[in-house]
Amino acid sequence: MERFQKIIWNKKYQKEYEKLQEMEKGRKFCCHDMEHFLAVARLCYIFVLEEQREISKDVIYGTAFLHDLGRVAQYETGISHEEAGAELAEEILMECGYNEEERKTMIETILSHRSLKQDDTTFAGIFYKADKLSRDCIHCKAKEECYWPEDKKNHIYIC
Ligand SMILES: [Fe+2]
Ligand SMILES: [Fe+2]
């Protein structure tokens with residue numbers, strides 16, 4: 001988990017993360033903070049173990065902690081957060097010593113983390129499931145105003 005730890009201490013990462021927390025202060029909809037990133041990472045790790053896949057914790061945790069970081073650019077310019085996040089992740093992952101193959105997997109996953117992956121058995125498919133299952137749409141106080149269509153909301157906690 002040495003490379004993942006480097007992400008946490010990466011200056012660019014920290015700056016962007018702090019900015020995001022500042023921007024989402026008081027947000028009534030889902031927030032994109034450590035609680036969310038950790039939930040996604042842990043669920044994704046469980047799914048990877050269950051499916052006996054060989055995907056390193058560095059890749060799982062790194063992707064989870066980076067996948068919504070593009071929210072800052074989305075709030076500022078309107079660009080999609082998966083696109084902005086992928087760009088940011090590329091820079092940070094290089095600085096943290098991830099190799100080309102890992103970066104490719106992680107960037108592809110970040111880019112596609114909002115599109116439905118029915119029966120997708122790739123890492124991106126597993127990650128999509130973890131991201132979605134990390135949310136508690138049933139008890140959400142803002143569910144009536146949420147822009148997520150009903151079929152995208154999470155109404156199950158296991159799969
Ligand atoms: Fe997202
Ligand atoms: Fe997310």
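View 1. Let's start with L66, which lies in helix α4 (helices, H or I with at least four residues, are DSSP runs numbered from the N terminus). This is a predicted model, where local features need pLDDT of at least 70, side-chain atom pairs count only at pLDDT 80 or more, and totals for chains, interfaces and linings use all residues. Residues are numbered from 1 along each chain as its sequence is written, while chains are lettered from A and ligands numbered from 1 in the order in which they are written. Is L66 buried or exposed? L66 is buried, because 25 other C-beta atoms lie within 10 Å (buried takes 20 or more, exposed 12 or fewer, partly exposed in between, with C-beta atoms placed from the backbone). Not counting residues up to four places away in sequence, L66 touches I7, G85, A89, I92 and I110 (contact puts C-beta atoms, placed from the backbone, within 7 Å).

**View 2. The largest nonpolar core.** This core has 38 residues, and A41, C44, A64, A89 and I92 have the most contacts inside it (such a core is a set of buried Ala, Val, Leu, Ile, Met, Phe, Trp, Tyr and Cys residues joined through C-beta atoms within 7 Å). The helix α3 gives the most to this core, with 7 residues. Leaving aside neighbours within four places in sequence, A64 is in contact with F37, V40, A41 and C44.

Terms used: Helix = DSSP H or I, 4+ residues; strand = E, 2+ residues; numbered from the N terminus. Contact = placed C-beta atoms within 7 Å.
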